[in-house]
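Morning, everyone. Please take a look at the structure on the screen, and then I'll walk you through it.

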Amino acid sequence: RMASSTLDSLQGVVPSEWLDPARRLHESSLVVVVMHPKPVCIGHCLMFPKQRCARLQDSDPDHLGACGMLLPKIKRALRMATGYRCYGILMHSGEIAGQDVQQLHFDIMPTSKVKQSFRIDWDPKKEGEAGNQDRRLRTKAAEMIIRGLRSAMGLAHLTGWGSLVYETDKILCELVQIPVAVGHCIISPKTLSPDLEDCSIEDCGACTWMLPKLAKAFEISTGRKDFFVSVLNGPDAGQNFPHLTFQLVPFSPRNQKPVEVYTMSSVTYKAHQISQLQSAIRHVMSEDIISNALHVAATPMESSWSQAPLHPVVNRAGISSPFVDRARSQHPNLEAWAGKTPSRQEQRAPANKGLGVRTTTFSAAGQSIIGGDDRLRALTLGRTF
């Protein structure tokens, strides 16, 4: 009854197709997933919280966290039903950012290199190519932004941690070093997660849980109320390095849009296609209940990354989270640790053969909590070999 009344509150707020049970893929006490009424590709769907909320900064972090915890499962189910391995998860909050429905929602769009369903222009003003040093975030500017954000969140200001804004035991929030807009930042899990299917539901939920808190802090400290959120999953979707990042781009009403999103195609669903996708979603969800109870993986998982790229680069949007300078002004306590030799236990840690690196968890200081890898450790400290 609670679920029904909550959906009733969205009557007249969202298009009637969003509330049509025939288009519904999944429903929980907090979240609804439906087939998009005007899909750009097979598998295009919408995820939105049942709580009525138009803006990111006004939403309940727990409801956004519930959306994030569903993302790995939804992506896996869509892959099994459609065959697509790469996805773009996008959110527009605010009129300037391109929001067209007054209810916060995620667009989940499968894509491929052969048939792209969307394209993101990270430089619509054509100000320069990737790596333009004039766009690099300066240390003093970063400190001012971080000071304002942490103050708005009721946190003390910390010095000596470079672009780090916020940290929990699961996630890091950092400013992008070559931003597309002032305040452009990323939220990423500490555990190396190349694909949504590699990311734990807790880590993914923690990332989306942080989004409204960060947006509210931006509104308080800078007055910006419009935001664009993106998660690019897989090389064909624009992910340049095998580690997930949730990007948050604040929009200023005084400037041209720093990001433009274009849809490349459109499709029309047939009744049996909707039925097949619904069956696939329910199949994965039911098997997850069994696998969680038995502590085994009942549903096969597959990453969009078969191997690590040979020449990973940081593009203008700073998508490659591990390459973001996390401690350019290194804390004195890090100096001895940064040059230490890996312990025998770290040397014996099992390697992830598919990626060529160990699955490692890092603290904000770059310290290895589980396992260790010289290259990742150096990248976490903002250094490269």
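**Salt bridges and one glutamine**

The count comes to eight salt bridges, each a side-chain nitrogen of Lys or Arg within 4 Å of a carboxyl oxygen of Asp or Glu. This is a predicted model, where local features need pLDDT of at least 70, side-chain atom pairs count only at pLDDT 80 or more, and totals for chains, interfaces and linings use all residues. Residues are numbered from 1 along each chain as its sequence is written, and side-chain values use heavy atoms, with hydrogens and water left out.

Now, one pair. E167 and K190 meet at 2.6 Å, N to O. They link distant parts of the chain, 23 residues apart. E167 sits in strand β7, K190 in the loop between β9 and α4. Strands here are DSSP runs of E, at least two residues; helices are runs of H or I, at least four; both are numbered from the N terminus.

Is K190 buried or exposed? Buried, at 8% relative accessible area. Buried means under 20%, exposed over 50%, partly exposed in between, with a 1.4 Å probe and protein chains only. E167 is partly exposed, at 34%.

Next, helix α4. K216 and E219 are three residues apart there, so about one helical turn separates them. Their closest N and O atoms are 3.4 Å apart. K216 is partly exposed at 35%, and E219 at 21%. Elsewhere, shared partners join K75, R79, D195 and E197 into one network of salt bridges.

Last, Q239. This residue lies in the loop between β10 and β11. Q239 is buried, at 2%. Its side chain reaches the backbone oxygen of P194 at 3.0 Å.

Notes:
A polar contact is a pair of N or O atoms within 3.5 Å; within protein, one must be able to donate a hydrogen and the other to accept it, and residues adjacent in sequence count only if both atoms are side-chain atoms.
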